[in-house]
Amino acid sequence: MRLRLVPDNTNINFFGYAKATFGGSVILLVASVVLFFAMGLNFGIDFKGGTTIRTDSTSAVDVGAYRAAVTPLGLGDVTITEVFDPTFADDQHVAMIRIQAQEGQESVTAETIGRIEAALLAVDPTITFPSVESVGPKVSGELIQKAILAVTGAIVAIVIYIWLRFEWQFALGAVVALVHDVGLTIGLFSLLQIKFDLAIIAALLTIVGYSINDTVVVFDRARENLIKYKVMPLIDVLNLSANETLSRTLMTSGTTLIALIALLVLGGDVIRGFVFAITWGIIVGTYSSIYIAKNVVLMLGVKRDWSKEKKPTGNQFMDIDA
Amino acid sequence: MLHISPFRQVLIVLTCLVGLALAVPNLSYDRVERHNDAVAAIESGRSNEALEADAALWPSFLPSGLVNLGLDLRGGAHLLAEVQVADVYAATMEGMWPDVRDVLAAQRDTVGFVTREESEPDVLKVKISNPEGAEQALELVRGLARPVASLTGAGSSNIVVEADGPVLTIALSEAEMAATDERTLQQALEIIRRRIDAAGTREPSIQRQGADRILIQVPGAKSAQELKGWIGTTAQLTFQPVVSRTSDANAPVAATNEVLPSLDQPGTYYVLEKTPVVTGEELVDAQPSFDQNGRPAVSFRFNPTGARKFGDYTAENVGAPFAIVLDDEVISAPTIQSHIPGGSGIITGSFSVEESTNLAVLLRAGALPAELVFLEERTIGPELGQDSIDAGQMAALVGMIAVVVFMVLSYGLFGVFANIALTINVGLIFGVLSLIGATLTLPGIAGIVLTIGMAVDANVLVFERIREELKTAKGPARAIELGYERALSAIMDANITTLMTAAILWLVGSGPVRGFATTLGLGILTSVFTAIFVTRLLIVWWFQRRRPKTIEV
């Protein structure tokens, strides 16, 4: 007996609750934008500049004592958070100390780091400092620009590709789905105030790549069915295509999620935020390729007069489904 | 019907075997690494029993390429430095002053007396006492211009001279600035490399980034602070004439002079002539040594030009003090006892033995042409890196097993085929990473785990399609064939778009993020290969052997 995530012949009407699902997404997207402006993102030092010091000790972390030790150094804004992780040993206690970018310095000086380390060692002599990272305001400013450029660049490149391979309506559907995924991810990061750094940008790009992957599979089938069923209404063609590919969509998301959950639980705290972003993005991306991208295509309509269309040539992959 | 030409079969099998063979060394990473280090050492001429033993740890006929572990996995230090290229402009203008003075002084009749005016450090302002001679002076100073020594700047001259009444302003031309920047950066790269090599760490990576930045990554460095200690000081050594001694840091001085503090006597300042007699650039050697009283010192030797300049100056100024200045601090200001002809000398100060050794190393490696400002620095301890490797391995293993079980439950025998392909896929990723010497980072491991999840996608697309085709097509062979054919366009479109994002990520990102882009991109390529060719080959082999009348996917 085989495991079936989806019965063989589904006939789910994905447009049945179009108003609820699409509307819900619009509301969530608006909420994300509001959250982003209201709460902002918890930018890491990559984007804001500053220094993070990771401490590792065999005795329990006393955030108050750490703070009391560091505050007299007059370093401005200091954040201290204890880190918990299932991969830690029993007597391993980890904290992250973050210091704002210092006036008149790019990356922090050896002397400042030395003072902080000495102050903390006075509180707890067993502390070690497994990592110290410092980014100057100059670089962090550039990194923000680069990050925005990367995400928009990726979306634009994909849209151009989809536009070349499909009709423009599909390209537009895809871009709306991508903006939806990226938007909701940023919204969630604003809401939960998880550290947003360069790795999260990498996660956003992965989400973009994954989400488009799902969307393309549905579109590809829709293109095929549009030719096969010339008179079937567009809404039915899209529904049929989504149903036919549903099993695959859920299988792939399923295997990817399995791997990601393993990473989320066992991968350690250093990349947890990154893996969390991708995991969330895969869920949202799967949803958006079923409920968002198609809806946009349906709203825009597709030219159905295929008889006049010249058969595409010159691409071995294009002929297959003709 | 369901057929792959023997030639193709061989090609597919060979590709897999070569890829897997390339990945094998990573299974015993430590041994192969010691082997590689030992082989490199023996090739460079050093050889001893321990090295030979290490070299024998891994058979030399096997591939020995390894995946480079990024700093976040191996531990080490990362620095991004900005070279203050504009520093050099000031030094160049400083060097130009004597020439300008001499050429104008030679024509005293027409231009009158020449004096230097206060100015920005990157321009030189001189005033002549006879304004009518301005045109003549302009002509003379312009005569000092040299063609710019660079490909892009060829044809233009190195300085721009303007006259405003009796005041001449001399500045570097745009082309000369560009050429200077380029030279400064190349020089800085070279000197940083020499200094880090002198510290003797393995595989430091020193790369230029953009117009004026240098990225330094040293695995095994204890901290970024230590690394800064190796390369941080400019070590600009100059020998300057002393005008007077003072205790006032803000003593008013002429435009040609400057006030510098003493290194070891707080509150003591020296008024020095700005233009050095000789600079550290003209040193050919520096060694730690001891002075006649047995205190640590640094002995040095000049090259012939330096030796001549130093000899001439000491001959003319017996009895006068001169200052040895290191990075804008006066180390010592001895009085010239006699003419020093040989071009060698000794620097004394209150050094410890360690300080004199360090100073000698820095002087030997050469001075940095300009100051470095550190924009970004990261230290990752080796334990944290090892923890990350362990966690990543665990996650990859668990993820892999879960996916394998899931695939078998869903597709039975075909799932097994997909799993074999998946295993080969992971092997191929490591093979290619080792082959191109790519760097594996923590996000890179995440990329591999993500690929494990996504790699089966192409197979899922095919299998689902075969299921559909089985309902309509004539016989299982045809269904399999159609399944592969018809799934291809979706597989291609889906993977090309993901590949595009990986490419953008690789271009924009650096360090760990680039590592992620590398494994993700490679994973896409190898997974398409294994899904389209390897599983297909497995299915064809199985099909030809069994000839089943019906299949269940």
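Two strands are said to pair if DSSP finds at least two bridges between them. Helices (H or I, at least four residues) and strands (E, at least two) are themselves DSSP runs, numbered from the N terminus. The model described here is predicted, so local features need pLDDT of at least 70 and side-chain atom pairs count only at pLDDT 80 or more, while totals for chains, interfaces and linings use all residues. Residues are numbered from 1 along each chain as its sequence is written, and chains are lettered from A and ligands numbered from 1 in the order in which they are written.

Strand 2 (residues 50-57) of chain A pairs with strand 4 (residues 93-99) of chain A through 7 bridges, in the antiparallel sense. Within this pairing, T55(A) has A95(A) as its bridge partner. Strand 4 of chain A is also joined to strand 3 (residues 78-83) of chain A, again antiparallel, by 6 bridges; here V83(A) is partnered by V94(A).

Strand 3 of chain B runs antiparallel to strand 4 (residues 123-128) of chain B, with 4 bridges between them, and R116(B) has V126(B) as its bridge partner.

Residues are in contact if their C-beta atoms, placed from the backbone, lie within 7 Å. By this rule, 61 residues of chain A and 65 residues of chain B take part. On the side of chain B that touches chain A, helix 14 (475-508) of chain B is among the elements giving two or more residues, and its 17 residues are the largest share. That side of chain B divides into 39 nonpolar, 15 polar and 11 charged residues. In this count Ala, Val, Leu, Ile, Met, Phe, Trp, Tyr, Cys and Pro are nonpolar, Asp, Glu, Lys and Arg are charged, and the others, Gly among them, are polar. Strands cross the chain boundary too: 5 bridges join strand 5 (residues 128-135) of chain A to strand 18 of chain B, running antiparallel, with S134(A) partnered by E377(B).

Helices bring the chains together as well. Helix 8 (residues 234-266) of chain A packs against helix 13 (residues 442-472) of chain B at an angle of about 160°, their axes 8 Å apart. The two helices are therefore roughly antiparallel, a term for angles over 145 degrees.

Finally, G399(B) lies in helix 12 of chain B. This glycine counts as buried because 27 C-beta neighbours lie inside 10 Å, where the cut-off is 20 or more other C-beta atoms within 10 Å of its own. Leaving aside residues up to four places away in sequence, G399(B) touches residues including I258(A), A259(A) and V449(B). The C-alpha atoms of G399(B) and V449(B) are separated by 7.0 Å, although these residues are 50 residues apart along the chain.

Key:
Axes fitted to C-alpha atoms, helices over the stretch in contact; angles between N-to-C directions. Parallel < 35°, antiparallel > 145°, perpendicular 65-115°, else oblique. Contact = placed C-beta atoms within 7 Å. Buried ≥ 20, exposed ≤ 12 C-beta atoms within 10 Å, placed from the backbone.
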